[in-house]
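Thanks for coming. I have one chain to walk through today, so please look at the screen.

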Amino acid sequence: MSKLLIVDDEVAILEALTDILSVEGYEVSTAANGAEGLQQVGRDRPDLILLDLMMPVMDGQEMLRRLKDDPSLRTIPVVVMSAGRVTKAELQGSRFLAKPFELDDLLDTVTAELNKKA
């Protein structure tokens, strides 16, 4: 069972994605901002991170930078989720999923990223 971490400050999105991905057979944990997300990564290294960019406390771009700067964490695939425009520099080599997204796009993206890692 693959472990996913969803980092987003919108409770409704966390709950919806947790429900959808749990039904699909993934073990899901959540965090409300980048700081909590980094703590989760340290406790329970996920196989994939779904990361919102715009959040309080620590935004997704800073969390992504810290992940990429840490040799032990930089190999964890990250899917950046955002309703706004995103530059290649902000993605830092990660996959992008535009909000709002279709369920099939979400599942296809998660599957593709996990398959690339395997």
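Which residues does Ile49 touch, not counting residues up to four places away in sequence? They are Leu5, Val7, Val41, Met63, Leu67, Ile76, Pro77, Val78 and Val79, where contact means heavy atoms within 4.5 Å.

Some ground rules before I go on. This is a predicted model, in which local features need pLDDT of at least 70 and side-chain atom pairs count only at pLDDT 80 or more, while totals for chains, interfaces and linings use all residues. Residues are numbered from 1 along each chain as its sequence is written, and side-chain values use heavy atoms, with hydrogens and water left out.

Now the overall layout. The protein chain has five helices and five strands, running β-α-β-α-β-α-β-α-β-α from the N terminus. Both are DSSP runs numbered from the N terminus: helices are H or I with at least four residues, strands are E with at least two. The C-alpha trace spans about 30 × 30 × 25 Å along its principal axes. Among contacts between residues at least 6 apart in sequence, 64% join residues at least 24 apart. Of the 118 residues, 41% are buried. Buried means under 20% relative accessible area, exposed means over 50%, and partly exposed is in between, with a 1.4 Å probe and protein chains only.

Back to the core. The largest nonpolar core has 17 residues, and Val7, Val41, Ile49, Leu51 and Met63 have the most contacts inside it. A nonpolar core here is a set of buried Ala, Val, Leu, Ile, Met, Phe, Trp, Tyr and Cys residues joined through side-chain atoms within 4.5 Å. Strand S1 (3–7), strand S3 (48–52), helix H3 (60–69) and strand S4 (78–82) each give two or more residues to this core. H3 supplies the largest share, three residues. Apart from this core lies another, of 16 residues, including Ile13, Leu14, Tyr26 and Leu107.

Two of those names bring us to helix H1, residues 11–23. H1 has 13 residues and reaches 18 Å from its first C-alpha to its last, close to the 18 Å expected at 1.5 Å a residue; the expected span is 1.5 Å times one less than the number of residues. Its buried residues are Ile13, Leu14, Leu17 and Leu21. They sit on the same side of H1 because they cover an arc of only 95° around the axis, the arc being that of the directions from the helix axis to the C-beta atoms. As a reminder, an α-helix has 3.6 residues a turn, so residues three or four places apart point the same way. The face turned away from the buried side of H1 carries the exposed Val11, Ala12, Asp19 and Val23. Just after H1, Gly25 takes a positive phi of about 100°.

Next, helix H2, residues 34–43. Gly34, Gly37, Gln40 and Val41 are buried there. Their arc is only 115° around the axis, which puts them on the same side of H2. What covers them includes S1, strand S2 (27–31), S3 and H3. Exposed Gly42 and Arg43 are on the face turned away from the buried side.

Last, a loop residue. Ser94 is found between helix H4 (88–91) and strand S5 (95–98). Is Ser94 buried or exposed? Ser94 counts as buried, because its relative accessibility is 11%. Not counting residues up to four places away in sequence, Ser94 touches Leu64, Lys68, Val78 and Val80.
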